[in-house]
Amino acid sequence: MQSLPRKQACVQTQRRSVGAVGRRAVVIRAQAAPSAPSSSVESISGVRQEVVDAIAKARHNCLTATHLPLPNRRQGKVRDTYDLGDTVVIVTTDRQSAFDRLLASVPFKGAVLNQTAAWWLGATAHIAPSALLSCPDPNVAVMKKCAVFPVEFVCRGFMTGSTDTSLWTHYKAGARSYCGNDFPDGMRKNDRLASNVITPTTKAEDHDVPISPAEIVAQGLMTQQEWDTVSSAALRIFEFGQAEAAKRGLLLVDTKYEFGKDANGVIHIIDEVHTPDSSRYWLADTYEARHAAGQEPQNIDKEFLRLWFRERCDPYKDAVLPEAPAELVCELSKRYVYLYEKITGQPFAVPDLDTPINDRILANLQKAGICK
């Protein structure tokens, strides 16, 4: 990582090594805040110049909405879903969501999330089957239709976070029991937990609510057997992800999963896995020293954008939010690409920027026989 310039963060990068994808050096230098008050933002290096240039070019041509000639469209925070009966077509857009709000649109975010999730779903198939059937376009996943459990399975390995449902937010406020888990006194932000935990939330369109396993069963959201099966699978997938991340010099800090049952009652994982949208990643080699010094870990996620909004407004209550700075949006795009390449070992394929994204998606779905 490097200091983030105030004006040209979208078009400049620095490469310190050119090894295989996923083994590029990361360099850190201190950075002056763009405007007070502000969190330190460290610009990531190791992203190819052609990708950085494409991010700058694509910033005003993001996929913010879809209107495919398919039935039963439903718009979520980030994804547009089309229900075809036995299958669903899920389009991952470039919308950036946090605090239950739309914060910005990030170039290539949707393509990166969709392809990262597809890689992880394949890599974890030995733990739990996934609903993924195909990816006819970089932004599109065709999934087996499942009855979704109305619970998000949030797995955590560290005491951290800044949102209303974060473990650190509740612990700092005095809670020592959270979502059925007990924590000792004296913990600091970003401490490693003694063991991984699940802090489930209800799955809602407007605002997720923390809930305990006992409450999930008591409210009829899941049976005890379903909870036991899914929670075990979630922790195993999380532990597998942590091990794979460690091989790449990363700490998988926390993440969330969603599960559902198909028509035959088989439980599948149905949503993104270990993407930079659903997960928090830190750089492993500097965590211990920075934590001991009381510094925030070096991260490859969207936390810096969350903090930027936290410092300037109440993102849960203010009717109008400030516009995210262009350099932060571009920095987030770079991090998405960097993490995709780091995890998968594959270079991110920059799409044809002269073709509107919706037109490309439609053409690919027609080629796959999904659209007429």
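Helix 1 (residues 49–58) packs against helix 8 (residues 326–344) at an angle of about 135°, and their axes are 10 Å apart. Axes are lines fitted to C-alpha atoms, for helices over the stretch in contact, and angles run from 0 to 180 degrees between N-to-C directions. Helix 1 is therefore oblique to helix 8; angles under 35 degrees count as roughly parallel, over 145 as roughly antiparallel, 65 to 115 as roughly perpendicular and the rest as oblique. Helix 1 passes helix 8 in a right-handed crossing. A crossing is left-handed if the near helix is turned anticlockwise from the far one by less than a right angle, and right-handed if clockwise. V51, V52 and I55 of helix 1 meet C330, S333, K334 and V337 of helix 8, where contact means heavy atoms within 4.5 Å.

The model is predicted: local features need pLDDT of at least 70, side-chain atom pairs count only at pLDDT 80 or more, and totals for chains, interfaces and linings use all residues. Residues are numbered from 1 along each chain as its sequence is written, and side-chain values use heavy atoms, with hydrogens and water left out. Helices (H or I, at least four residues) and strands (E, at least two) are DSSP runs, numbered from the N terminus.

Helix 8 also packs with helix 2 (residues 109–123), at an angle of about 20° and with the axes 10 Å apart. These two helices are therefore roughly parallel to each other, and their crossing is left-handed. On the side of helix 2 the contact is made by K109, V112, L113, Q115, T116, W119 and W120, and on the side of helix 8 by Y336, V337, Y340, I343 and T344.

Helix 7 (residues 303–310) packs with helix 8 as well, at about 155° and with the axes 10 Å apart. Helix 7 and helix 8 are therefore roughly antiparallel to each other. Helix 7 passes helix 8 in a left-handed crossing. F304, L305 and W308 of helix 7 touch L328, E331, L332 and R335 of helix 8.

Five strands form an open sheet in the order 3-4-5-9-8, with antiparallel pairing; two strands pair if DSSP finds at least two bridges between them. Strand 3 (73–75) and strand 8 (132–137) are the edge strands, each pairing on one side only. From one strand to the next, the twist averages 20°. Strand 4 (residues 79–83) and strand 5 (residues 87–92) run antiparallel and are joined by five bridges, and D80 stands opposite V91 in strand 5. Helix 2 packs on this sheet, touching strand 4, strand 5, strand 8 and strand 9 (140–144). Helix 9 (residues 357–367) packs on the sheet too, touching strand 5, strand 8 and strand 9.

Another open sheet has three strands in the order 10-17-18, again with antiparallel pairing. Its edge strands are strand 10 (147–148) and strand 18 (267–269). Three bridges join strand 17 (residues 259–261) to strand 18. Helix 5 (residues 224–247) lies across strand 17 and strand 18, running at about 135° to strand 17.

Finally, a search of the whole structure finds 13 aromatic pairs. Rings of Phe, Tyr and Trp (its six-membered ring) pair if their centres lie within 6.5 Å; planes under 30 degrees apart count as stacked, over 60 as edge-to-face and the rest as tilted. F158 and Y287 form an edge-to-face pair, 5.5 Å centre to centre with 80° between the planes. F158 lies in strand 11 (residues 151–159) and Y287 in helix 6 (residues 284–292), 129 residues apart.
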